[in-house]
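I opened my notebook to look around a structure that was new to me.

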Amino acid sequence: MRTKNHGTKVLLVLSFLLTGFQTMTFAQTATAAAPPDPGITVYQYRRVAGDKRDEFVKRETTYWAEIAKKAIAKGNITFWALLEKQGGYDMENTSNFLFINTYKDIDKIADVWSTAAITASFPTVTVDKMETYSMSTVTSTFFLRAEDWQQAATAVAEKDFNYVSMVYHHATQPANLIDLEKKHWGPFIKSSMDKKQVSQVAWGNARVLSPSGPSIGVTTVSYDLYSTLKEALYPTWDPKVVLPQEGLTEIGKIETARGGAVYHIIKVVNSN
């Protein structure tokens, strides 16, 4: 996937799901190496008409996923994914695809999707046979920073990570919300997944860096991964599970609203 740069159509964009990294205190950094920088993740939402859907997916998974794979091998990006929304409202006017890209250096995006990179990957294919902007509309683009990541001990990404429920949070104190989720929800959901008390297979969160403001309606994002659409829509929980109510109460005090959507994970390319 690419973006337009000063009028030139150069494909660009949005771990899967954003790899989680632990933060360290100042005292810890004095005796241990700093954790890896998670980079900047870009979410790019696109609207694709129904009669263009198959060709759009074909081009993205055939050409742009391969270009992303080579960029990952060079260390320029760490993650590329294409997701398709399941259901929705006002479907003729809203996005139905989501790209997720994580860049090590956000200022070098143009290098990843440059003409040289495209030609090196597919020297005999012309750009007009590869590009997808003519058959889609970008509806919004967000920049995020990955924060936490937990997955079931027995989860196998290629087999189990098929659907994701994206949850969009609006909080009065986004950094505090992230910290509370790390403190209370992360350990709880990890334990529940490992004990198979829930059908969920992974969870993560990220902070929205830009855009921001009251009209945007989202300050952080969390994502719940599942093997099937049924579980993503209606997760199965062991009735004996005890929720971390104290933590949820604290979260509720600073979270003013939330919304979400379920996506099918079409393809992922990453550095693992």
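**Entry: the pocket**

I began with the largest pocket, and its lining has twelve nonpolar, ten polar and one charged residues by class. For the classes, Ala, Val, Leu, Ile, Met, Phe, Trp, Tyr, Cys and Pro count as nonpolar, Asp, Glu, Lys and Arg as charged, and the others, Gly among them, as polar. The largest pocket is lined by 23 residues, and nearest its centre I found Tyr45, Lys85, Tyr89, Tyr168 and Tyr263. I looked up which elements give two or more residues to this lining, and they are E3, E6 and strand E10 (255–270). The volume of the largest pocket is about 520 Å³.

I noted what a pocket is here: on a 1 Å grid over the protein atoms alone, it is an open set of points where a 1.4 Å probe fits, with protein on both sides within 12 Å along at least five of seven lines, and lining residues have an atom within 4 Å of a point. A volume is the space filled by probe spheres set on the points, which are joined across faces, edges and corners.

**Entry: ground rules**

I am reading a predicted model, in which local features need pLDDT of at least 70 and side-chain atom pairs count only at pLDDT 80 or more, while totals for chains, interfaces and linings use all residues. Residues are numbered from 1 along each chain as its sequence is written, and side-chain values use heavy atoms, with hydrogens and water left out.

**Entry: the whole chain**

I find eight helices and ten strands in the protein chain. These are DSSP runs numbered from the N terminus: helices (H or I) have at least four residues, strands (E) at least two. The protein chain has 272 residues, and 47% of them count as buried. I wrote down the cut-offs: buried is under 20% relative accessible area, exposed is over 50%, and partly exposed lies in between (1.4 Å probe, protein chains only).

The protein chain exposes about 13,800 Å², with 53% of it supplied by carbon and sulfur atoms. Accessible areas come from the Shrake-Rupley method with a 1.4 Å probe, and for residues only the protein chains shown count as cover.

**Entry: salt bridges**

Side chains of opposite charge can pair when their charged atoms come close. I used this rule: a side-chain nitrogen of Lys or Arg within 4 Å of a carboxyl oxygen of Asp or Glu is a salt bridge. How many salt bridges does the rule give? The count comes to nine.

I looked at Arg145 and Asp37, whose closest N and O atoms are 3.4 Å apart in a salt bridge. Arg145 sits in strand E6 (residues 136–151) and Asp37 in the loop between helix H1 (26–29) and strand E3 (40–48), so this pair ties together parts 108 residues apart in sequence. Arg145 is partly exposed at 31% relative accessibility, and Asp37 is exposed at 57%.

Next I checked Lys182 and Glu147, a salt bridge with its closest N and O atoms 3.0 Å apart. Lys182 is in helix H6 (residues 174–194) and Glu147 in strand E6, so to speak a link between distant parts of the chain, 35 residues apart. Are these two buried or exposed? Both Lys182 and Glu147 are buried.Arg53 and Asp54 also meet in a salt bridge, at 3.1 Å from N to O. Arg53 is partly exposed at 28%, while Asp54 is exposed at 56%. A network of salt bridges links Arg53, Asp54 and Glu84.

**Entry: aromatic rings**

I searched the whole structure and got eleven aromatic pairs. Rings of Phe, Tyr and Trp (its six-membered ring) pair if their centres lie within 6.5 Å; planes under 30 degrees apart are stacked, over 60 edge-to-face, and the rest tilted. One of the pairs is Tyr63 with Phe122, edge-to-face, 5.0 Å centre to centre with 85° between the planes. Tyr63 lies in helix H2 (residues 53–73) and Phe122 in the loop between helix H4 (115–121) and E6, so the pair ties together parts 59 residues apart in sequence. Tyr63 is buried at 17% relative accessible area, and Phe122 is buried at 16%. I also noted a cluster in which ring pairs link Phe56, Trp80, Phe97 and Phe99.

**Entry: backbone notes**

I found a cis peptide bond joining Ser210 and Pro211, with omega about 0°. Pro211 lies in the loop between strand E8 (202–210) and strand E9 (220–226).

Asp90 is not a glycine, yet its phi is positive, about 45°. Asp90 is in the loop between strand E4 (77–85) and strand E5 (97–103), and is partly exposed at 45%. Lys196, not a glycine either, has a positive phi of about 60°. I place Lys196 in the loop between H6 and E8, and Lys196 is exposed at 62% relative accessibility.
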